[in-house]
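Have the viewer open and follow along.

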Amino acid sequence: MDATVTAMIIAVVGVLGTLFAPMISHRLTTRERAQEAQAAQTQQKFEELRAHYTAMNRAARQFHTLLKDALHRIRDGVFGEHERSQLEAARLDHRDRYAEAQMIVPQRIMQASREVNSVLAHGDATTKRLDRGVARPDENVEAALHALKAAEPLLAHMRALMRADLGLND
């Protein structure tokens with residue numbers, strides 16, 4: 001009887017194993033696919049955030065560079081329509097990247113971007129007044145260039161925060 005019960009138990013376990021093996025295999029495959037999908041989604045979010053950070057950083061730096069160039073050209077009397085167009089295009093690109101950032105970036109990076117934007121917007125307004133010949137009494141090219149220097153450490157800080165957010169701490 002003992003051998004018969006053992007044989008029956010072995011037979012039942014064998015049959016159950018045969019019946020449940022596809023279900024267990026299916027569950028494991030489903031779980032593995034879900035993990036792969038999650039990893040792909042995480043990677044996609046990382047890539048999108050990196051693209052936004054790159055565009056935001058590039059646009060802010062380009063706008064800053066063209067503002068400095070514009071001030072030098074205004075001082076030298078060679079600021080023309082081509083330079084105005086380039087500066088306006090850079091301003092618009094920076095504005096668009098800043099607007100996109102408001103919707104997707106963490107608050108600490110938005111704050112850093114806001115500080116950069118404030119300096120650049122002030123520099124742009126001053127540059128436009130200087131170009132039009134309607135500068136305020138305390139505005140001149142040298143003062144504007146000096147004020148624009150405030151953007152440099154802010155740009156570096158913003159970039160450092162973005163890199164840290166992406167996990168690029170060096």
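## Terms and model

A residue is called buried when its relative accessible area is under 20%, exposed when over 50%, and partly exposed in between, using a 1.4 Å probe and protein chains only. Helices are DSSP runs of H or I with at least four residues, numbered from the N terminus.

This is a predicted model, in which local features need pLDDT of at least 70, side-chain atom pairs count only at pLDDT 80 or more, and totals for chains, interfaces and linings use all residues. Residues are numbered from 1 along each chain as its sequence is written, and side-chain values use heavy atoms, leaving out hydrogens and water.

## Helix 4

In helix 4 (residues 141–148), the buried residues are Val141, Ala144, Leu145 and Leu148. Viewed down the helix axis, they fall within an arc of 100° (taken from the directions from the axis to the C-beta atoms), so they line one face of helix 4. An α-helix has 3.6 residues a turn, so residues three or four places apart point the same way.

## Helix 3

Helix 3 (residues 107–132) has 26 residues, which at 1.5 Å a residue should span 38 Å; its end C-alpha atoms are 37 Å apart, which agrees. The expected span is 1.5 Å times one less than the number of residues. Just after helix 3, Gly133 has a positive phi of about 80°.

Notes
Helix = DSSP H or I, 4+ residues; strand = E, 2+ residues; numbered from the N terminus.
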